[in-house]
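Hi everyone, thanks for having me.

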Amino acid sequence: MSRPTRELSARQLDVLKRIAAGQSWAQIGSDLDITVGGVGSIGKQILVKLGASSSAHAVHLAYQAGILRRERHGDHAGFVAHVRRGEDPWACEQGCPEGERAYRTQRRNQRKENAA
Ligand SMILES: [Zn+2]
């Protein structure tokens, strides 16, 4: 697996995540309070850094290189992924707290069974 030689800046990574999530440049510009032209120039920097020929290619390469990761929610692994990203997993609104509670209950019951 080839790794890009140059790291993306936090801003470039943010834009790339939004492109991967299907946002238009206009949406990205409005969210980040920059012009569409500004988004375009960040987009070009991303292509150069990743050696990509298009936005779709950049997203593909970024997943391959592990720069972008599939986000998982709703279970213990999703909960742990939040912690690794430095986020508060209990604040997740996509089911991670519920999944983690279910996981902990299941673990507790298993321990009880093993002790019995
Ligand atoms: Zn989550």
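So, Arg11, Gln12, Val15 and Leu16 in helix α1 touch Val39, Ile42, Gln45, Ile46, Lys49 and Leu50 in helix α3, where contact means heavy atoms within 4.5 Å. By class, that contact has six nonpolar, two polar and two charged residues (nonpolar is Ala, Val, Leu, Ile, Met, Phe, Trp, Tyr, Cys and Pro; charged is Asp, Glu, Lys and Arg; the others, Gly among them, are polar).

Now, this is a predicted model, so local features need pLDDT of at least 70 and side-chain atom pairs 80 or more, while totals for chains, interfaces and linings use all residues. Residues are numbered from 1 along each chain as its sequence is written, and side-chain values use heavy atoms, with hydrogens and water left out. The chain's mean pLDDT is 92, and 95% of its residues reach 70 or more; pLDDT is the predictor's confidence in each residue, from 0 to 100.

How do α1 and α3 pack? At an angle of about 100°, with axes 10 Å apart. Axes are lines fitted to C-alpha atoms, for helices over the stretch in contact, and angles run from 0 to 180 degrees between N-to-C directions. Helices are DSSP runs (H or I, at least four residues), numbered from the N terminus. That pair is therefore roughly perpendicular, a label for 65 to 115 degrees.

Finally, the zinc ion. Which protein donors does it have? His73 (ND1), His82 (NE2), Cys92 (SG) and Cys96 (SG), 2.0 to 2.2 Å away; donors are N, O and S atoms within 2.8 Å of the metal (3.2 Å for Na, K and Ca). Their spacing along the chain is H-x8-H-x9-C-x3-C. The four donor atoms subtend angles of 103 to 116°, which makes the arrangement tetrahedral (all angles between 85 and 135 degrees).

Key:
Helices (H or I, at least four residues) and strands (E, at least two) are DSSP runs, numbered from the N terminus. Angles under 35 degrees count as roughly parallel, over 145 as roughly antiparallel, 65 to 115 as roughly perpendicular and the rest as oblique. Four donors count as tetrahedral if all angles lie between 85 and 135 degrees; four count as square planar and six as octahedral if opposite donors are over 155 degrees apart and all others between 65 and 115; anything else is irregular.
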